[in-house]
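Here is a short report on one chain. It covers the helices, the sheets, the core and the confidence of the model.

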Amino acid sequence: MFYKTSSKDNVELAQYFFKKLYGKSCIYKQVVSQPYCENCKKFLPDCYVKGTCPYCGATEQYSDSCEKCGRIFQSGEIQDPHCAICGSKPTSKQSQHYFFKLRDFSGKLEKWLVENKNLQQEVKNYVLN
Ligand SMILES: [Zn+2]
Ligand SMILES: [Zn+2]
């Protein structure tokens with residue numbers, strides 16, 4: 001059977017699971033603040049924010065790490081952050097995210113993963129990580 005993600009059945013099924021899980025509080029809402037570009041009217045993931053490395057001063061580095069000195073940045077650590085698309089300074093905007101309590105299921109998932117004979121060991125190791 002083949003379904004398009006947007007097909008009516010699929011949407012209904014997804015909503016059904018979501019409501020089931022949400023009702024059991026396996027899914028929770030949390031407000032997180034993320035860089036937002038007013039000019040592009042979009043939230044900017046790490047790869048859309050560039051700036052200056054606070055350690056070595058290299059410019060045009062992505063906001064998660066410096067390619068020049070190899071340091072990993074904590075969020076907000078990069079200097080002079082700007083939108084990689086348009087160059088304007090991003091603001092911080094709050095958005096609501098849904099989180100799935102994966103930890104509640106990690107025991108079951110781990111068991112399933114380890115005992116699964118159809119998966120390669122490298123795949124298992126990656127997922128276990
Ligand atoms: Zn650097
Ligand atoms: Zn922008």
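Ser25 follows helix H1 and has a positive phi, near 50°. H1 itself runs over residues 8–23. Its 16 residues reach 22 Å from the first C-alpha to the last, close to the 22 Å expected at 1.5 Å a residue. Is H1 largely in the open or buried? The number of buried residues among its 16 is zero, so H1 lies largely in the open.

This is a predicted model. The mean pLDDT of the chain is 87. Of its residues, 95% reach 70 or more. Among the elements, H1 has the lowest mean pLDDT, 80. Strand S3, residues 49–52, has the highest, 96.

**Sheets**

One open sheet has three strands in the order S2-S1-S6, with antiparallel pairing. S2 and S6 stand at its edges, each with a single partner strand, so one side of each is left without a neighbour in the sheet. Strand S1 pairs with S2 over two bridges, in the antiparallel sense. Here Tyr36 stands opposite Phe43 in S2.

A further open sheet has three strands in the order S4-S3-S5. Its pairing is antiparallel. S4 and S5 are the edge strands, and each pairs on one side only. S3 and S4 are joined by two bridges in the antiparallel sense. Lys50 stands opposite Tyr62 in S4. In general, strands of a sheet pair through backbone hydrogen bonds.

| Strand | Residues |
|---|---|
| S1 | 27–37 |
| S2 | 42–43 |
| S3 | 49–52 |
| S4 | 61–62 |
| S5 | 79–83 |
| S6 | 91–100 |

**Core**

Which residues make up the largest nonpolar core? There are five: Cys37, Leu44, Val49, Cys83 and Ala84. Leaving aside residues up to four places away in sequence, Ala84 touches Tyr48, Val49 and Lys50.

**Helix H3**

Glu122 has its place in helix H3, residues 121–128. Why does Glu122 count as exposed? It has 8 other C-beta atoms within 10 Å, and a residue is exposed if that number is 12 or fewer. The C-alpha atoms of Glu122 and Ser88 are separated by 42 Å. Along the chain, Glu122 and Ser88 are 34 residues apart.

Methods: Residues are numbered from 1 along each chain as its sequence is written. Chains are lettered from A and ligands numbered from 1 in the order in which they are written. This is a predicted model: local features need pLDDT of at least 70, side-chain atom pairs count only at pLDDT 80 or more; totals for chains, interfaces and linings use all residues. Two strands pair if DSSP finds at least two bridges between them. Helices (H or I, at least four residues) and strands (E, at least two) are DSSP runs, numbered from the N terminus. pLDDT is the predictor's confidence in each residue, from 0 to 100. The expected span of a helix is 1.5 Å times one less than its number of residues. A residue is buried if 20 or more other C-beta atoms lie within 10 Å of its own, exposed if 12 or fewer, and partly exposed in between; C-beta atoms are placed from the backbone. A nonpolar core is a set of buried Ala, Val, Leu, Ile, Met, Phe, Trp, Tyr and Cys residues joined through C-beta atoms within 7 Å. Two residues are in contact if their C-beta atoms, placed from the backbone, lie within 7 Å.
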